[in-house]
Amino acid sequence: MEGRGILKYNGEIIEYTINTGKRKRVYLNISNGELQVRVPNRISRNEIERIVNEKAKWIYDTIKKYPKIEPVELKFDTGDIFYILGNKYVLEVCSDLKIKKDKIEIINGEEENKLVVYLKGEKSALKVKRILKKYYNTLAEEEISFAMEKLIRKTNLIPEAFKIRNFKRAWGNCSSKKLISINAEIIKYSRNAIEYVCLHELCHLKYMNHSKDFWNLVSFYMPNYKIAENELKEVKIKYK
């Protein structure tokens, strides 16, 4: 269940969403300049407001550091910006009647990286969109699966299963049945960030909370995990 709340700080009003569920603690999450407060089912509104007010300075400073980025409308044509594994790429669409089938080429340059889509025949935004979606999905499957398998061997923390999904508000999820889901959008971030998200969810197999023991376990396997955390707070670009 979701509700809304308002925090007044430093002369500004910060709106936030309240998400209630089966949990023991209150969690404050800021993503793309928006605050979400995740709380246990039976917590009072006054208690929620007290906790949010206690963290007012941190909330304010974090939102100012990582402000909301408005979605960019893609044309799926030359000049569009994409992110792959933490790197920025400029799309270039080319028609080439000589090629046997459509293809993608990644060019890493000194001044600019290019994501080149070669089309057999005339240019079509719909066709480019389909090709890029397939490319991203394939890459996400490869990178996330590799990171997950690597970390399972390293930690010996084994989920019942894991899958790749699309989430709006979370990078990953670990259910009480030991089923792990990872957000496909993570492919836009670095391999270090991908490994952190996978490790985070694997550690939930042992600790289904964010207790000190949980973070100690994360830190044991990835001492620099906060670098990845900070990267994930930077919404490089949002697409419509």
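**A loop, then the rest**

Reply: Glu111 sits in the loop between β7 (103-108) and β8 (113-119); helices (H or I, at least four residues) and strands (E, at least two) are DSSP runs, numbered from the N terminus. This is a predicted model, so local features need pLDDT of at least 70 and side-chain atom pairs count only at pLDDT 80 or more, while totals for chains, interfaces and linings use all residues. Residues are numbered from 1 along each chain as its sequence is written, and side-chain values use heavy atoms, with hydrogens and water left out.

Me: OK. Is Glu111 buried or exposed?

Reply: Glu111 is exposed, with a relative accessible area of 83%. The cut-offs: buried means under 20% relative accessible area, exposed over 50%, and partly exposed in between (1.4 Å probe, protein chains only).

Me: Other loops. Which residue has a positive phi of about 55° although it is not a glycine?

Reply: That's Asn10. Asn10 is in the loop between β1 (2-9) and β2 (12-21), and it is exposed at a relative accessible area of 55%. Lys178 also has a positive phi, near 65°, and is likewise a residue other than glycine. Lys178 lies in the loop between β10 (172-174) and β11, and at 38% relative accessibility it counts as partly exposed.

Me: What comes with β11 itself?

Reply: Take Ser181, which lies in strand β11 (residues 179-183). Ser181 is buried, with a relative accessible area of 5%. Not counting residues up to four places away in sequence, Ser181 touches Lys163, Arg165, Phe167, Trp171, Gly172 and Asn173, where contact means heavy atoms within 4.5 Å.

Me: Then on along the chain. Where is Ala184 found?

Reply: In the loop between β11 and α4. Ala184 is buried, at a relative accessible area of 13%. Leaving out residues up to four places away in sequence, its contacts are Ala140, Ile144, Ile164, Arg165 and Asn166. The C-alpha atoms of Ala184 and Tyr225 are separated by 20 Å, with the two residues 41 apart along the chain.

Me: Switching to rings. How many aromatic pairs are there?

Reply: Nine. The rule is that rings of Phe, Tyr and Trp (its six-membered ring) pair if their centres lie within 6.5 Å; planes under 30 degrees apart count as stacked, over 60 as edge-to-face and the rest as tilted. One of the pairs is Phe214 with Trp215, edge-to-face, at 5.0 Å centre to centre and 80° between the planes. Phe214 is buried, with a relative accessible area of 0%, whereas Trp215 is partly exposed at 23%. Phe220 and Tyr221 also pair edge-to-face, at 4.9 Å centre to centre with 85° between the planes.

Me: Are Phe220 and Tyr221 buried or exposed?

Reply: Phe220 is exposed, with a relative accessible area of 61%. Tyr221 counts as buried, at 18% relative accessibility.

Me: Which residues do ring pairs link into a cluster?

Reply: Phe76, Phe82, Tyr135 and Tyr136.

Me: What lies over the face of Tyr118?

Reply: Lys103, at 5.3 Å from the ring centre. A charge sits over a ring if NZ of Lys or CZ of Arg is within 6 Å of the ring centre and within 35 degrees of the ring normal.

Me: Now zoom out. How many helices and strands?

Reply: Six helices and eleven strands. The C-alpha trace spans about 65 × 50 × 35 Å along its principal axes, and buried residues make up 41% of the 240 residues. Of the contacts between residues at least 6 apart in sequence, 50% join residues at least 24 apart.

Me: And the charges?

Reply: There are 47 positive and 32 negative side chains, and the centres of the two sets lie 5 Å apart. Lys and Arg count as positive and Asp and Glu as negative, with His and the chain ends not counted; the place of a charge is NZ of Lys, CZ of Arg, CG of Asp or CD of Glu.
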